[in-house]
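Dear colleague,

I am handing over the structure that we spoke about, and it is placed just below. My notes on what was found in it follow.

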Amino acid sequence: MTNPCNPRHPDTPDRPRRPAIRLIRFGQCVLSALLLTALLTSWSAAGTVADRLGRQVRLPDHPRRIVSLAPSITEILFALDLSGRLVGVTQFSDFPPAAATLPKVGSYVHLDVERIVALAPDLCIAIKDGNPVSVVNKLESIGIPVYAVDPRDLPSVMETLSELGRVLDVHPRATQIVTGMRQRIDWVHQQVATADRRPGVFFQIGIAPIVSAGTNTFIHELITMAGGINLAQGPVPYPRFSKEEVIGLRPEIMIITSMARRAVFEQVKRDWQQWQAIPAVKNDRIYIVDSNVLDRPTPRLVEGLEQLARLIHPDVFKAAPRKPQP
């Protein structure tokens, strides 16, 4: 069929001119051009907005090819039901399981720019602390917009959800998740408020050397919200301890985070169990928990909060009414 915008029937001496048909064809060309302009406009930049790096980023209106530059961002985008738009993720993006099947673009610290460009994204989502600014600038220089967010703890995770909900036009879904998170946080607060005391908690995130979490970390926030006292609190974000120092702290509860090497962490637990002077050992209150729900700033931090609260105050939560559903 002949394209009316590019007629392949030139006038010939024996063919009479048909002005009316020509006018219709001209009208069709104009209409097609207008439709094309409208389509391009809908995919043009939605506007310039400031991201969490303080940069002015020109965003596409409806990005359809998104590359996530950190595992936490990948998880947040899946929570927002945007997996269908994700075309690339970083190494260790393993939740939900479907995230592990997506093309990888390096680690969030060592990003593969060529791989990112090959995926032809119309938007990359970065994290403020972690992704190299040099890579962000390079992607921007070749026309790929990069929007940086800053999920660090429960409040900022909820802010990030709301922010990406607006940027990616999924605000209702973001509001639903944030509302559910707030309800569950409030429920934990209500239960913890009934506890008569706050036990001392030592949270171990490193084996050799022994590493814990200081005051300016979301782990400290979770321990406090869950009704415990963080024995590693202080100005150093991730302080190191000797075994003797930990024994001297006399933790009532010890929490060890594990990833894939479960057997290693079970051995660490057995090593601590030799020290009966530690109240947590004496009362069998050493726990191994999944690191992903406690070490990654995503909506699952609420699960981590609930889990910690139950470990710290089992009696309170055993008698608690049913918690809100996510």
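Ile142 is partly exposed, with a relative accessible area of 48%; here buried means under 20% relative accessible area, exposed over 50%, and partly exposed in between, using a 1.4 Å probe and protein chains only. Please note that this is a predicted model, in which local features need pLDDT of at least 70 and side-chain atom pairs count only at pLDDT 80 or more, while totals for chains, interfaces and linings use all residues. Residues are numbered from 1 along each chain as its sequence is written, and side-chain values use heavy atoms, with hydrogens and water left out.

Ile142 belongs to the loop between helix H4 (133-141) and strand E6 (146-149), where helices (H or I, at least four residues) and strands (E, at least two) are DSSP runs numbered from the N terminus. Its C-alpha atom is separated by 8.9 Å from that of Val117, 25 residues apart along the chain.

Strand E6 leads on to an open sheet of four strands in the order E4-E3-E5-E6, with parallel pairing; two strands count as paired if DSSP finds at least two bridges between them. Strand E4 (86-88) and E6 are the edge strands, each pairing on one side only. E6 runs parallel to strand E5 (residues 123-127) and is joined to E5 by four bridges, and within this pairing Tyr147 of E6 is the bridge partner of Ile125.

Leaving aside residues up to four places away in sequence, Leu164 touches several residues, among them Leu80, Ile125 and Tyr147, a contact being heavy atoms within 4.5 Å.

A separate point concerns strand E7 (residues 200-204), of which five of the five residues are buried, so that E7 is largely enclosed by the rest of the structure. Gly200, Phe202 and Gln204 point one way from E7, whereas Val201 and Phe203 point the other way. E7 pairs in the parallel sense with strand E9 (residues 229-230) over two bridges, Gly200 standing opposite Ile229, and E7 is also joined by four bridges to strand E11 (residues 253-258), again running parallel, with Ile255 as the bridge partner of Phe203.

With kind regards
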